[in-house]
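Subject: A structure to look at, with notes

Dear colleague,

I am passing on a structure for you to look through, and below it I have set out what was found. Please open it first, and then read the notes beside it.

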Amino acid sequence: MKQAGAVKGKQTESALHRFAAQWEVQSMIWPGILFILVFSYVPMWGIILAFKEYDIFEGVWKSPWVGGKQFRLFFESPDLVMVIRNTIVIAMLKLFIIFPAPIVLALMLNEVKHMAFKRIVQTLTYLPHFISWIIVSGLVFSILSVDSGSLNLLLQKLGIIDQGVNWLSFPEYFYGILITSGLWKEIGFSSIIYLAAIVGVNPHLYEAASIDGAGRIRKIFSVTLPTIAPVITIFLILNIGNLLSAGFEDILAMTNNGNNAILRNVSQVIDTYVYTIGLNQQRYSYAIAVGLFKAVINIMLLWGANKLARKVGGSSLW
Amino acid sequence: MKTSGSDRIMNTVIYGALALLSFVSLYPFWNAFVISLNEGTNTSLGGLTFWPRQLTFDNYEVILNDNRFFKATFVSVIRTVAGTASAIFLTALFAYGLSKKGVIGHKWYMLLAIFTMYFQGGLIPTYLWFRELGLFNNIWVLFVPWMISVWNMIVFRTFFKGIPEGLEESAKIDGCTNYGLFFRIIVPLSGPVIATLSLFQAVFFWNEWFHSGIYINDAALLPVQNYLVNMINSNSAQEMISQLGNVPGGAGDVVSRSITPKSLQMTALIVVSLPIIMVYPFVQKFFVKGVLIGSMKE
């Protein structure tokens, strides 16, 4: 007994000793750990408020427990169907349009043999990625405006419309505008990664395909796409794991921080709903419950997508 | 290489589509630039596309002389420069420590960091916590939440691990401390990765508007992106114009009649985008590489 204690004491002493010996390296790491603890981990405790009724005077700990009340309120809320529907519609549009588009762009860029042209296309299409959503929304409002907007001008020239249309005042055009803006902003930058994967394809595979009589399109489908499939799979998993985060900054920027009453019924998604309910109406506990609901489903989706990818035999996150 | 008929059709389609995409990527900026250089009332007649019809610098004069715009830009410049420098320094140091072998707690530190990439407390808990920290209307809220980016840490760490150990060993024999190694050996060898991540970090600080918007009410502390938010979404542009007209007998009186909210919006927007548009082509070759280092970790 005494001996065991002594050994244990010696071990802790040596661990402390070793820790002290590397204080220099530890002092490089600890500021980082401290920032992560303070700004990422402490807020996680606030999640328990989803099961409480937050009282501003009582604080997080003393506010009374209410069990699953906040979740029940959300499931019975008249907003539920609208919010979930918008989230799913926008998420699906993004998954089926914004996700594959950069792959197509990368495949097209790879077919360009004229280097200067390729370089110009890359420079111009990467640019919008570096601009904030606020600036993008300003540009979109300007291009779409009724009196001097370029889109109305073009459509009038082409004879498709007679009079300028106020595109943003029609809820039915909102998804088109949102998706097009997102595509415009990110298509170029997202293609970088696929382009790099394509460059890494073994040239002998193309030669072999040529000898077998494959044309350019055939080579894209039989050589290029199968080789970059692992990269596509990884990004697809990450996308699916984030499916319910259908949009936030883009939607807020396009709808005047969610205050655009005409567009509210089509633009309110889970994340913007949490923002509006939580920060504008100060129903903190309810908003946290809705946010938690989303986070849990996202994690389940990520896990499921990863499992599926592993089963199919492709690449996976873990 | 033979060029068959179908080959030529394919080339035409691809080059055509890419040219169109490039045009569409650039046009909104160009059109905004043209509007910013055109007389406001003339712009509202419509039809303005590639060239200004009635060239004027009045819009720029109004924006650049606006005191609030000046202050907001100042806040953003400070935020971008100080924020980027400190975030990159802390993150690189953090990554360097974690790239060393045999560090006690190494596995736990990595786990702690990587977990936050998949799960976060969320908007409201963070908001309530920041309120308790006294970060509301506090200049520090523009910087401190973003001092450590786990993503950047992983990119740095991957890069540092690729640096041959022999380089450090010889310096160690000469009695160099770990901080000495970091500043004298590691940093000089990491030029491209530091440049790339600094660019991304700077763009982030320059563009960030959501958090500054919810935590700051005090106009003196608002960054320039929030100035743009007010300009685009509320009638602050209209107020600016009517204030111009209020200066009796001043040049503003004449100017205010030819200026519209839209011309001011486009001008402010161009001025705010300009730093990025000007810097970006020069660092393009770096960041393509940086993106790749980051994705290797996936």
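Let me begin with Glu168(B), which counts as buried because its relative accessibility is 12%, and buried means under 20%. Please keep in mind throughout that this is a predicted model.

What does Glu168(B) form a salt bridge with? The partner is Lys100(B), and the closest N and O atoms of the two are 3.3 Å apart. This pair links distant parts of the chain, since Lys100(B) sits in the loop between helix 4 (67-99) and helix 5 (106-118) of chain B, while Glu168(B) belongs to helix 8 (residues 165-173) of chain B, 68 residues apart. Lys100(B) also counts as buried, with 14% relative accessibility. As a general point, side chains of opposite charge can pair when their charged atoms come close.

Over all chains, the count comes to nine salt bridges. Another of them brings together the side chains of Arg216(A) and Asp7(B), at 3.1 Å from N to O. That pair crosses between chains, running from helix 12 (residues 216-240) of chain A, where Arg216(A) lies, to helix 1 of chain B, which holds Asp7(B). Asp7(B) has 18% relative accessibility and so counts as buried. Within chain A, the side chains of Lys185(A) and Glu186(A) meet in a salt bridge of 3.3 Å, N to O; here Lys185(A) is buried at 5% relative accessibility, whereas Glu186(A) is partly exposed at 22%.

By class, the lining of the second largest pocket has 26 nonpolar, six polar and one charged residues.

On the surface there is a nonpolar patch with about 780 Å² of accessible area together, and its members include Leu20(B), Phe23(B), Val24(B) and Trp30(B). Phe23(B) has its place in helix 1 of chain B, and at 41% relative accessibility it counts as partly exposed.

Finally, Val199(A) is found in helix 10 of chain A and is exposed, with a relative accessible area of 61%. Although Val199(A) and Asn110(A) are 89 residues apart in sequence, they are 8.1 Å apart in space, C-alpha to C-alpha.

Conventions. Residues are numbered from 1 along each chain as its sequence is written. Chains are lettered from A and ligands numbered from 1 in the order in which they are written. This is a predicted model: local features need pLDDT of at least 70, side-chain atom pairs count only at pLDDT 80 or more; totals for chains, interfaces and linings use all residues. Side-chain values use heavy atoms; hydrogens and water are left out. Ala, Val, Leu, Ile, Met, Phe, Trp, Tyr, Cys and Pro count as nonpolar, Asp, Glu, Lys and Arg as charged, and the others, Gly among them, as polar. Patches are made of residues with over 30% relative accessible area and no salt bridge: like charges are joined within 9 Å, nonpolar side chains (Val, Leu, Ile, Met, Phe, Trp, Tyr) within 5 Å. Accessible areas come from the Shrake-Rupley method with a 1.4 Å probe; for residues, only the protein chains shown count as cover. A salt bridge is a side-chain nitrogen of Lys or Arg within 4 Å of a carboxyl oxygen of Asp or Glu. Helices (H or I, at least four residues) and strands (E, at least two) are DSSP runs, numbered from the N terminus. Buried means under 20% relative accessible area, exposed over 50%, partly exposed in between (1.4 Å probe, protein chains only).
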